[in-house]
Amino acid sequence: MAISGKVLVPLACLVAGCVWAEPWTTFNGAETRDAGGGASGTLPVGAGAFEIERPRAHGGPALNAADFGFSVTNDDNAAALVRAFAEAKRVGASRLDLPPGTYRCFGDGVRVEGLRDFTFDGHGAVLVFRRSSRQGGANLVVTGTERCVFRNFKMDWDWTRDPLASIGTCVNKFVDEKNDDASYFDMKLDRPHPCYPALPSLQTATTVDAARRHLIGTPPNRLIFLGHAQGPKSAWIAPDTLRIWPGVKPSPDAKVPATYQCYYNPKANRGTVRQMPVGISYRLLHYYYGLGGITMHGNRHFTLEDVDIWSCRGHGLAVGGEQHHWQVVNVRLAPPEDKLSERLTSSTSDGHHVSRSLGWCKYVNFTVSFCNDDSHNFHDCTAYGVPEAPDRLRVAGPRGIGYLAPKVGDTIELRENNFDATGWRGRIVKITGDTMSMDRPVPQPKGDRFLFFNRSVATDHILMKGCVCRDSHFRNLFQSNDLTIEDCVFDRMGSGAVQFAADWTTDLWCEGMGVTNCVVRNCLFRDGNQQGRGRDGGWAAEILSFLRIPPNVKHAPPSPGFFSDILVENCRFENPAGLLVSLIHARNVTFRNNVTVDDGLVPNRQARTGGFLFRNCQGVTVESNRWELADGLAEPTFSFSADTSNVVCRGNVLTRIGAPLPPYGGWMPSKRWCGFNLLGMFILRDPKHAPLSDPTFSRTPGHFSEDEFRWMHDWGFNFARLPLDYRYWIKDGDWHVIDEEEVKKLDAAIAYGRKWGVHVQLCLHRAPGYCINPPREPKDLFTDADALTACARHWSYFARRYKGIPNDELTFNLFNEPPGRNPERYERVARALVCAIRQEDSDRFIIADGLEAGRGAFLPLARLPGVGQGVHSYDPPDFTHYQASWWNRPKGWPRPVWPPKEGGQAWVEAWFTKRGWDSPRMGGVFTHVGEFGCYIRTPHPLVLAWLEDNLRVWKARKLGFVMWNLRGPFGIMDSGRADVEYEDFEGHKLDRKMLDLLRRYASEL
């Protein structure tokens, strides 16, 4: 491969190959390839605009559930809610309110039916369910309502008595090559199971990371036990250890449905145990289908908003019947953060499942994570069968007509067994058993049967905006028309993030009636295909389509166009494990203006990662996309089958990550940095740009005190971070003009550091175009070219001015606390500033703060040589910023408590892991804590306990630490705390206890 500047030079010829079992043409993505014009000139528009109606005002009364026996002392609050909703329907109430609190719902579920213009407001109440399978139905079923809003409540499951899952580690295995059913593995649970000594059901097992906060793809990554209430054979060998025979029936006479017999055989048992890795942790699911969290059925203009479903059995959110015009807004289906490492389960099957509806739905800011199956599954059930008489159709298959669920008057479309259209539609006039009598004669199929599409239902017109799908077992299935997926995040999905699908099988599924008019825009796809990694072809693609036909059914090749009018634009793909797009039987597809970033660190990365595969497609345009690949990775390939036509690839660009950066000299810190932030040029004080109200933020504005460097040296500290406001050294407010007389004050600070052996780090706390504190900058560093140019000019100036001062004495910190939004923009800005510095001084070491104001590790920058990362530790913020005037807390301040119930050091450990600082991809990246501390209103004894818990964690990771600040309301001197016995020190008030604590840990590094 040849590179010319930033653009990939086209290959001289096309490469023909036989990668798959049919002729393919494969070529590189920058080559202009025009074979018939590409996609049509008409782009899809997606779902379009539509509104969901809210309740209309009326004179109905407002009810309170407490009047119907709803109480924190009641174990069956579901029954109380049933009574309350029944009364609301009887009297035509306008609303029902719950008193705040946590409520046990240990009886049957709650069914709500037939309400009109009604609001149910939970006021933050938590509903904890515990139910058995024989009770049936979801925890909350809402059916037949019109213009209703259900809002502001939380749903959970009783894990203390009936956990949905356990976390276990494989501690031993035994493979018996001679005896078929003798192989087993031992799983040690992280806590005793409450059903011991009875055996829990085992349904699936999924590998999890060491910190138990993510699902991972380590094989075998999904052991299938499904099919019997008890799962496979198992036995307790200790109160916390289960022995599992994964392919053996729980008992010889166990009745297992024919569908799942395949999981019980010697090959499955021995093979699973053989590949089971000892020492790997698993999430063991005790349930799969059944019950459910919330079911919406046959509603019209329904809103579910501001709801958390922390956990439930079965589907988290399910939709069915003739439901139309509904929305799900600010809903989170995910375990509570403080319980994540214990649970790792939100729903035991699909997170969100739509089996049939009339469509017109919105999903806005809907988060689905840690479900056990698909995150989203939109489909409409179909069926297969044969003509039984000239005007009759018989549904075949073990699930019968109930799966299709047609009604008299519905319109049935006939499709050939390969999904090709027949052009025939008819109306049902009578249903007898599995037979539908039609209003017109039916034709004969070309193959052995027809597919039946009920065209009276259609889950079409779907808007998904701002939604997040993360750490779920499988995928997101879209089998709908008129679809917009916009501003969404697909993070660590088990398989393809967006799948357009239709399939029919002889025993399980018949679903999907095609996809057309689909827009996928401004979405982030990150670290995908956790299970599909290393597999060539369909399942290991981020966006894919497929038609599944039983392998034993003879059929003609399907015609292209079952999936049509698809636009993917302005999306970002980070570290894909396989293809970006794999489409089959598609028409009019456009993939444009997308960015793919691949650092090559994904395990089991495919050879064709980042490319395309098109089979039996017509009209494909791939244009104006950009790939940023690590050096040594192969360029993406574009593969088309011989029956694909009208293909255009043009204007695509490949760049190499790190290519524009000058080489780095290789210096790395040899010791950990411990010290303080010095605020001499922190915030410019003038009438127009006043600093924060607390006067102690900067006692020496505009210059630095040599005493501060001397004190740090005498106390044994070696580091001073200087948060700087660029407005101190510009002339007349013009950020392009630097006043060198003002910069001499920085020269003096650097000289003080060199004199007293204190390392100095310059940080643009207010950079041209960005500051986390008010006032806002006139232009945005992340979107405005002038702001980025100005910021780069300032760093170029400092790099040139201080070139020659060794890294042991001076380093740079790009700018303070970047925001969490648009991480790709932060990466672009950071790379530009690093490049500006290195062009002047290739040896200068640089710190880039972590994402989200320094809280989270930013993995895309981990690969840059000579660039470390800064952690800012101010969590939990209500504790560290207690009663701070600038910290917005409109609902009041909770009383500071430390340590939390899980233990202080454990809490900090979990925080570090959750924020990515322990990620293997951060290995070798120099990291230090650039800011930390607690405001003066947090009680001093609690502050010292918080500090020591953090210092212990940092010590274990060999991290240096830099307190905010030396003098001021977070620091050890002149802080103004009311609950400290200060020591007089050279005219200042010194917090000796805090100083001694910091000195002890600084001396141990």
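This is a predicted model: local features need pLDDT of at least 70, side-chain atom pairs count only at pLDDT 80 or more; totals for chains, interfaces and linings use all residues.

In which loop is P876 found? P876 is found in the loop between β61 and α10 (877–880), where helices (H or I, at least four residues) and strands (E, at least two) are DSSP runs, numbered from the N terminus. Residues are numbered from 1 along each chain as its sequence is written, and side-chain values use heavy atoms, with hydrogens and water left out.

Let me stay with the prolines for a moment. The peptide bond from D875 to P876 is cis, with omega near -5°, and the bond from Y196 to P197 is also cis, with omega near 10°. P197 sits in the loop between β14 and β15 (204–208). To put this in context, most peptide bonds are trans, and most residues other than glycine have a negative phi.

R147, which is not a glycine, has a positive phi near 50°, and its place is in strand β12 (residues 146–157). R147 counts as buried at 9% relative accessibility, where buried means under 20% relative accessible area, exposed over 50%, and partly exposed in between, using a 1.4 Å probe and protein chains only. N588, again a residue other than glycine, has a positive phi near 60°; it belongs to strand β46 (residues 586–592) and is buried with a relative accessible area of 6%.

Now please turn to helix α11 (residues 904–914) and helix α12 (residues 940–956), whose axes come within 8 Å and cross at roughly 50°. Here the axes are lines fitted to C-alpha atoms, for helices over the stretch in contact, and the angles run from 0 to 180 degrees between N-to-C directions. The two helices are therefore oblique to each other, since angles under 35 degrees count as roughly parallel, over 145 as roughly antiparallel, 65 to 115 as roughly perpendicular and the rest as oblique.

Which residues of α11 are buried? They are G904, V908, W911 and F912, and because they cover an arc of only 95° around the axis, they lie on the same side of α11; the arc is that of the directions from the helix axis to the C-beta atoms. These buried residues pack against β61 (867–873) and α12, with contact taken as heavy atoms within 4.5 Å. Just after α11, G916 takes a positive phi of about 90°.

We can compare this with helix α2 (residues 266–275), where the buried residues are N269, R270, T272 and V273. Seen down the axis of α2, these fall within an arc of 165°, so they line one face of the helix. The elements that cover them include β13 (165–174), β14 (184–189), β16 (223–224) and β18 (241–245).

Finally, let us look at a serine in a loop. Is S357 buried or exposed? S357 is buried, with a relative accessible area of 0%, and it lies in the loop between β24 (352–354) and β25 (361–369). Leaving aside neighbours within four places in sequence, its contacts include V319, W326, D380 and A458. The C-alpha atoms of S357 and A458 are separated by 5.9 Å, although the two residues are 101 residues apart along the chain.
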